[in-house]
Structures are given as structure tokens and as C-alpha cells.
Amino acid sequence: MEIIEYHPRRDQLVYTFGGSAPVMTVQPGTALKLWTEDAFNNALTSVDDVSGEKVDMNFINPQTGPFYVEGAEPGDTLALHIVDLAPARSYGSSATIPFFGGLTSTERTATLQEPLPDITWIYHVDTERRTVGFQSRLGDFEVALPLEPMLGTVGVAPPGGEVRSSLVPERFGGNMDAPDVKPGTTVYLGVNVEGALFSVGDGHYRQGEGEACGTAVEGAMHSTIIVELIKGGAPAWPRLETDYHWMAVGSSRPMEDSWRIGQLEMVRWFGDLFGLHQLDAYQLLTQTALAPIANAVDVNYSVVVKAPKALFPAVDAYGGLHAHLRRQGAELR
């Protein structure tokens, strides 16, 4: 297996899906060892730093990529298996940001409410104990939380020459902020343009479901990812697979439409996996699905619809590709 390491310079980071030239061409079966910058572009390094003064809103959610995958054509399925994610710094940052987040006024939910104060929290990483430390800013409390690294953004170029902000989750993937996008997960994305042009970024050292205040424990990340290509079979929306679940991610507004998209995509996948009629798949999914909220703060909201594998007969999605990539990943670690 070819292994490629890539650490972009600051001027090589991109802030959109689509619209950027690829940084390199990779062959299917390649393992990439990548570095990604945090969502704030390392602007918040101390509790004395506040977003209103330090964060340039034109340069947030920087992405590493895009990567051109040899042989990828519209209608194909790009598979990205996350082998490992490790903090690239000894700290992560989070913040409340005026008029941003799930529990405050925004430009779409306009009220006479005063903005939340602009406050930064710094979480210190203990790599030996695999924890991130929360320390209250407005009281006297601290707690060590488990380190659970994930990628907030994984996506390909959209169709039709569109250029979308790296803050947006949609059918091309993007800023889904799904905690399930973590080591051991295979992400399946429909290819829209020649070469797929995928990018990753927005590392989180941990995040609760929903990302309530709008920012996770944001941090630079070392990521090891295996790239694979399936000819044809492009899913309409992003799919995820772990050893324990099949998942689909819907992203839209209002949130019930995100839920509907994820449910429909899982109905379609049940049809592929088990040869079920649509209505049988709908009935079966109704009795088995989980539906955690990935984020309630982005331009679109994301909902993950999960089907526990343990409830169903053993079956291999995409010819057992996930299990194959898991074995390959184990050899890299």
C-alpha cells in the first residue's frame, strides 16, 4: 500500500468544497497521513482570545485537500476509511459566539434577545490518559472528559460546478459534524465530478451530539485515511459504516427534513442490503432505527440515521469493503 504524507502550508488550505484545484492525485488503495488545522485557524490559543477580535470569518473551517482520485467519475462511490485520528496540539478550544449556536438568537431565528457573551474555553489534552480537561470560566469546576477525536468535515466537490462553503453540510458531505466520523468508520460519498476532489478538516477532540453551542473542542489533527473507489452505486447522501452500524446522514432545514432524508437513504440501503421492497424496508427501519442529531447549528442541520447490525442477518455492504479496509488499517497502526 502506498502511504503519502501531506502537511499543507497555511496558504494551501481551502475553505470551500468545489472551486479549488487538487493538491495532488492519489490512486485508489492509497493511505494518506494528513494534517488539518482547527476550525478557528489557530486563532484561539488562550482564554484571553475571543472570536470577535481574533477569528477572521473569511477563513474558518480550513480544509486539507482537495485530492483528485484517479479513475473516479460521476456516479461512482468514494470510500474513505478513517484509520486513526490524533490531536496535533496539546490543547483544543471552544467558544460561545454572539448570535451563533443552538440556544441563542441567530439571523434565521431573530428575537430581541441580547447576544451571548464572547467567551473562549481552552481544553488541555492529556495524551497518556486520553482526556481533555474542561475548566469553567464563570465558576470553580473542572472535569476530565474522554478524548474522542472525530472529523467535522469530510466531503467531495458538489455537482454542476457549485462551490459551497466549508461550513455547509449537504449531499456532498461537508460540515456534517457527526461524532460517528471517527476511527474505524468508513465514509461513502457519491462522486459528482471527475476525480471526486475530496477534502477533510474541522478536527474535534470531542463533541456532544448536536454541537449545541456551535463549537466542539476544536483542534488541529493528524489523520490517517485509506482511499478506495467503488465503480458506480453512488449513494444520494453520505453513508457511514462501522463494525456495529450502517448509517445515513441527511442535512437540510428544517431539522425534520434532515431526519426524512436520512430515513429515506436508509430505506434505500435496506433495499440494497436485503433485497427488500421499499415498504418492507420502511416498516423494518421504523422498528429499529436510531436517529441522533449530529449538529443543530450549521447552515443546514445534520441528522444521522443508524441501523444496528446486530439486529439483522449478516450481510456485506459494498462487497465487504469496510471489513477489508479495517484489516488494512490495522496493519498501518
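1. In this predicted model, strand β13 is joined to strand β14, residues 173-174, by two bridges, and the two strands run antiparallel. Within this pairing, Pro169 lies opposite Gly174 of β14.

2. Both strands belong to an open sheet of six strands, whose order is β3-β5-β16-β11-β14-β13 and whose pairing is mixed. The edges of this sheet are formed by β3 (24-26) and β13 (169-170), each of which pairs on one side only.

3. As for the protein as a whole, the secondary structure consists of four helices and 21 strands. The radius of gyration is 19 Å, close to the 20 Å that the globule rule gives for 333 residues; the protein is therefore as compact as a globular protein of that length. Along the principal axes, the C-alpha atoms fill a box of roughly 55 × 45 × 40 Å.

4. Of the contacts between residues at least 6 apart in sequence, 77% join residues at least 24 apart.

5. With regard to charge, the protein carries 23 positive and 41 negative charges. The mean positions of these two sets of charges are 3 Å apart.

Technical notes. Residues are numbered from 1 along each chain as its sequence is written. This is a predicted model: local features need pLDDT of at least 70, side-chain atom pairs count only at pLDDT 80 or more; totals for chains, interfaces and linings use all residues. Side-chain values use heavy atoms; hydrogens and water are left out. The radius of gyration is taken over C-alpha atoms; the globule rule is 2.2 Å times the number of residues to the power 0.38. Contact means heavy atoms within 4.5 Å. Lys and Arg count as positive and Asp and Glu as negative; His and the chain ends are not counted. The place of a charge is taken as NZ of Lys, CZ of Arg, CG of Asp or CD of Glu. Two strands pair if DSSP finds at least two bridges between them.
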